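Q: Hi! I'd like to walk through this model with you. Can you take my questions as they come?

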Amino acid sequence: MNMSYHRGEIRVIGLGPGDHRFMTHDADLALADATDLIGYIPYVERIPPRAGLIRHATDNRVELDRARHALDLAHQGKVVAIVSGGDPGVFAMAAALFEAIDHGTPEDRLIPINIHPGISAMNAAAAKLGAPLGHDFCAISLSDNLKPWDVIARRLKAAAEGDFVIALYNPASKARPQSIFDAFKLLRDIKAPSTPVAFARAVGRHDEKHTLTTLAEADPSIVDMATLVMIGSSETRFIDKPDGTRWLYTPRSYGARP
Ligand code: SAH
């Protein structure tokens with residue numbers, strides 16, 4: 001190995017769901033002395049410009065190109081910050097980076113990598129709604145850009161039959177408005193009509209909105225790409241408050257429901 005080889009490093013940083021308050025101190029520190037910033041345009045735009053920081057904002061559909069670009073910059077000695085919304089390890093850039101390294105050169109494996117976690121959409125949504133993730137849960141992405149629909153359908157069915165609380169990411173997009181309708185149809189065939197459902201939109205942002213409903217009454221047409229969909233287990237329940245609003249929670253003990 002050439003010992004004079006000057007390596008930079010890569011930091012994969014979670015920005016949380018939106019507002020800067022939901023970013024960790026660790027993420028702030030990791031950004032502070034980075035030389036290059038890489039990410040999907042809206043995430044890069046969340047970071048204020050500063051002298052010495054070069055911004056490389058790219059379109060959403062090129063995660064692997066973005067990861068390769070980060071590796072090339074790190075080989076040039078740069079301190080590269082790759083930013084993701086929420087947690088970078090949940091349906092985001094950390095896995096894309098490791099995929100690029102897995103298929104990359106032996107030198108790629110010499111680059112120091114640090115992953116800086118963030119608050120994922122399901123955690124942010126759960127905190128606003130109450131405690132829906134209080135017992136066993138799973139997270140499923142409905143994006144079939146990266147996964148065939150029959151795999152998604154198999155997992156939804158297994159999650160419903162396993163009676164997990166389900167957090168659905170990437171529930172809809174302009175390219176595939178049908179997915180969330182297909183998902184609800186499948187879940188309605190297995191789960192009770194009274195199962196609580198929450199649509200948590202733009203959590204932690206100025207246009208945040210929550211819709212609490214049931215599986216039977218839920219209207220999937222209100223779901224968009226900024227929505228996290230939470231579907232309860234058989235134990236998940238609402239607590240009505242005197243002001244007409246409600247908490248959503250899943251008890252810690254299974255089968256203890258009154
Ligand atoms: N790494 C991200 C998830 C990326 S996938 C995380 O950990 O949160 C993108 C999906 O995340 C969106 O389609 C939506 O389902 C969800 N999401 C991201 N930010 C959100 C927010 N602020 N409010 C609600 N859902 C959000």
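Q: Which residues have the most contacts inside the largest nonpolar core, and how many residues does that core have?
A: The model is predicted, so local features need pLDDT of at least 70 and side-chain atom pairs count only at pLDDT 80 or more, while totals for chains, interfaces and linings use all residues. Residues are numbered from 1 along each chain as its sequence is written, and side-chain values use heavy atoms, with hydrogens and water left out. The largest nonpolar core has 23 residues, and L156, L168 and F184 have the most contacts inside it. A nonpolar core here is a set of buried Ala, Val, Leu, Ile, Met, Phe, Trp, Tyr and Cys residues joined through side-chain atoms within 4.5 Å. Buried means under 20% relative accessible area, exposed over 50%, and partly exposed in between, with a 1.4 Å probe and protein chains only.

Q: Which elements supply at least two residues of this core?
A: Strand 7 (137-141), helix 6 (149-161), strand 8 (165-169), helix 7 (179-190), strand 9 (196-201) and strand 11 (227-231) each do. Helices (H or I, at least four residues) and strands (E, at least two) are DSSP runs, numbered from the N terminus.

Q: What is F184 in contact with?
A: Leaving aside neighbours within four places in sequence, F184 is in contact with V197, F199, L215, A218, P220, V229 and I231. Contact means heavy atoms within 4.5 Å.

Q: And what does the second core include?
A: That separate core has 17 residues, including I10, A70, V80 and I82.

Q: Let's go to strand 11. How many of its residues are buried?
A: Five of the five, so strand 11 is largely enclosed by the rest of the structure. T227, V229 and I231 point one way from the strand, while L228 and M230 point the other way.

Q: Which way do strand 8 and strand 11 run, parallel or antiparallel?
A: Antiparallel, with three bridges joining them. L168 has V229 as its bridge partner in strand 11. Two strands count as paired if DSSP finds at least two bridges between them.

Q: How many bridges join strand 9 to strand 11?
A: Five, and these strands run antiparallel. In strand 11, V197 has I231 as its bridge partner, and A198 has M230. Strand 9 is also joined to strand 10 (residues 209-214) by six bridges, again antiparallel, with A198 opposite L212. Five of the six residues of strand 9 are buried.

Q: Switching topic: what is the order of the strands in the open sheet?
A: Five strands form that sheet, in the order 3-2-4-1-5 with parallel pairing. Its edge strands are strand 3 and strand 5 (113-116), and each pairs on one side only. The twist averages 20° from one strand to the next.

Q: How many bridges join strand 1 to strand 5?
A: Four, and the two strands run parallel. I13 has H116 as its bridge partner in strand 5.

Q: Where does helix 1 lie?
A: Helix 1 (residues 25-32) lies across strand 1, strand 2, strand 4 and strand 5, running at about 145° to strand 1. Helix 4 packs on the sheet too, touching strand 1, strand 4 and strand 5, and its direction makes about 165° with that of strand 5. For these angles, axes are lines fitted to C-alpha atoms, for helices over the stretch in contact, and angles run from 0 to 180 degrees between N-to-C directions.

Q: Now helix 3. Which of its residues are buried?
A: R66, A67, A70, L71, L73 and A74. Seen down the axis of helix 3, they fall within an arc of 165°, so they line one face of the helix. The arc is that of the directions from the helix axis to the C-beta atoms.

Q: What do those buried residues pack against?
A: They pack against strand 1 (9-14), strand 2 (36-40), strand 3 (54-58), strand 4 (79-84) and helix 4 (93-102). After helix 3 comes G77, whose phi is positive, near 95°.

Q: Last one: is D108 buried or exposed?
A: Buried, because its relative accessibility is 1%. D108 lies in the loop between helix 4 and strand 5. Leaving aside neighbours within four places in sequence, D108 is in contact with R68, L71, H75 and A100.
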